[in-house]
Amino acid sequence: MAPQYRERTFIAVKPDGVHRHIIGDIIKRFEQKGFKLVAMKFTQADDALLQKHYSALSKKPFFPDLIKYMSSGPVCAMVWEGLNVVKTGRTMLGATNPMDSAPGTIRGDFCVQVGRNICHGSDSVESANTEVALWFKPAELVNWDPVAKPWVYEDD
Ligand code: IDP
């Protein structure tokens with residue numbers, strides 16, 4: 001498969017999304033779009049993992065609350081693959097603050113406040129690679145080709 005179709009992003013349903021039973025809706029949107037699930041785990045993240053994951057935000061005033069929120073319950077961590085999946089995944093999630101997220105986006109449709117915005121998505125290819133490696137072992141990433149592949153991609 002051509003390398004541009006192999007781009008990967010890290011998507012996680014946050015504890016509020018889990019408690020509110022929105023895991024299925026989020027998976028459904030990525031599946032319907034045509035992206036391919038490569039890895040998924042239901043897990044309770046510890047503070048050490050979350051501090052690494054959000055290290056770029058460690059100086060923000062909301063950082064302690066963010067770690068508390070993200071460690072307060074299970075998350076559904078996933079890796080999705082496909083053409084332009086990082087940028088498209090962010091578009092599907094909507095703006096960080098649900099007050100600014102357009103209707104039709106995941107955050108625009110399912111949540112209200114920035115500190116309870118139900119879903120994470122990598123913001124660049126570089127951070128996606130870092131996040132995938134932080135949350136998953138290489139052996140947990142499944143290599144497979146969906147039978148629908150030629151119905152999603154023109155030339156592969
Ligand atoms: P992103 O999740 O859309 O990439 P970031 O700026 O990286 O946005 O922030 C990470 C997470 O931190 C957000 O998704 C949200 O849960 C939380 N967050 C961001 N800004 C605020 C804030 O102003 N107050 C409370 N929580 C915030």
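**A guided reading of the model**

His 21 is exposed, with a relative accessible area of 68%, a value that places it in this class because exposed means over 50%. The model is a predicted one. His 21 sits in the loop between helix H1 (15–19) and helix H2 (23–33). The backbone at His 21 has a phi near 60°, which is a positive value in a residue other than glycine. A positive phi of about 60° also occurs at Asn 84, again not a glycine. Asn 84 belongs to the loop between S3 and helix H5 (85–93), and with a relative accessible area of 36% it is partly exposed.

A further loop residue, Ser 122, lies between strand S4 (119–121) and helix H7 (125–135). Is Ser 122 buried or exposed? Its relative accessible area is 1%, so Ser 122 counts as buried. The side chain of Ser 122 makes a polar contact of 2.7 Å with the side chain of Glu 131. Another polar contact, of 3.5 Å, joins the side chains of Ser 122 and Thr 9. When neighbours within four places in sequence are left aside, the residues in contact with Ser 122 are Thr 9, Phe 10, Val 86, Arg 90, Ser 127, Ala 128 and Glu 131.

The salt bridges come next. How many salt bridges does a search of the whole structure find? The search finds 7. One of the pairs is Asp 145 with Arg 6, whose side chains meet at 4.0 Å, N to O.

Lys 36 and Glu 81 form another salt bridge, in which the closest N and O atoms are 3.0 Å apart. This pair links distant parts of the chain, with Lys 36 in strand S2 and Glu 81 in strand S3, 45 residues apart. Lys 36 counts as buried because its relative accessibility is 7%, and Glu 81 is likewise buried, at 3%. Buried here means under 20% relative accessible area.

A salt bridge also joins Glu 140 and Lys 41, with 3.2 Å between the closest N and O atoms. Glu 140 is in the loop between H7 and H8 and Lys 41 is in strand S2, so the pair ties together parts 99 residues apart in sequence. Glu 140 is partly exposed, with a relative accessible area of 28%, and Lys 41 is partly exposed at 23%.

Which residues are linked in a network of salt bridges? The network consists of Arg 6, Arg 8, Lys 36, Glu 81, Asp 145 and Lys 149.

Strand S2 also holds Leu 37. Leu 37 is partly exposed, with a relative accessible area of 24%. Residues up to four places away in sequence not being counted, Leu 37 touches Met 78, Val 79, Trp 80 and Trp 144. The C-alpha atoms of Leu 37 and Ile 27 are separated by 8.8 Å, the two residues being 10 residues apart along the chain.

The largest pocket has a volume of about 780 Å³. Its lining comprises 27 residues, of which Lys 14, Tyr 54, Leu 57, Phe 62 and Leu 66 are the closest to its centre. Helix H3 (47–53), helix H4 (63–70), S4 and H7 are the elements that give two or more residues to this lining. By class, the lining of the largest pocket has 8 nonpolar, 10 polar and 9 charged residues.

The second largest pocket has a volume of about 220 Å³ and is lined by 16 residues. Gly 34, Phe 35, Lys 36, Trp 144 and Pro 146 lie nearest the centre of this second pocket. At least two lining residues each come from strand S2 (36–43), strand S3 (75–81) and helix H8 (149–152). The lining of the second largest pocket has 10 nonpolar, 2 polar and 4 charged residues.

Technical notes:
Residues are numbered from 1 along each chain as its sequence is written. This is a predicted model: local features need pLDDT of at least 70, side-chain atom pairs count only at pLDDT 80 or more; totals for chains, interfaces and linings use all residues. Side-chain values use heavy atoms; hydrogens and water are left out. Helices (H or I, at least four residues) and strands (E, at least two) are DSSP runs, numbered from the N terminus. Buried means under 20% relative accessible area, exposed over 50%, partly exposed in between (1.4 Å probe, protein chains only). A polar contact is a pair of N or O atoms within 3.5 Å; within protein, one must be able to donate a hydrogen and the other to accept it, and residues adjacent in sequence count only if both atoms are side-chain atoms. Contact means heavy atoms within 4.5 Å. On a 1 Å grid over the protein atoms alone, a cavity is a set of points where a 1.4 Å probe fits but cannot get out, and a pocket is an open set with protein on both sides within 12 Å along at least five of seven lines; lining residues have an atom within 4 Å of a point. Grid points are joined across faces, edges and corners, and a volume is the space filled by probe spheres set on the points. Ala, Val, Leu, Ile, Met, Phe, Trp, Tyr, Cys and Pro count as nonpolar, Asp, Glu, Lys and Arg as charged, and the others, Gly among them, as polar.
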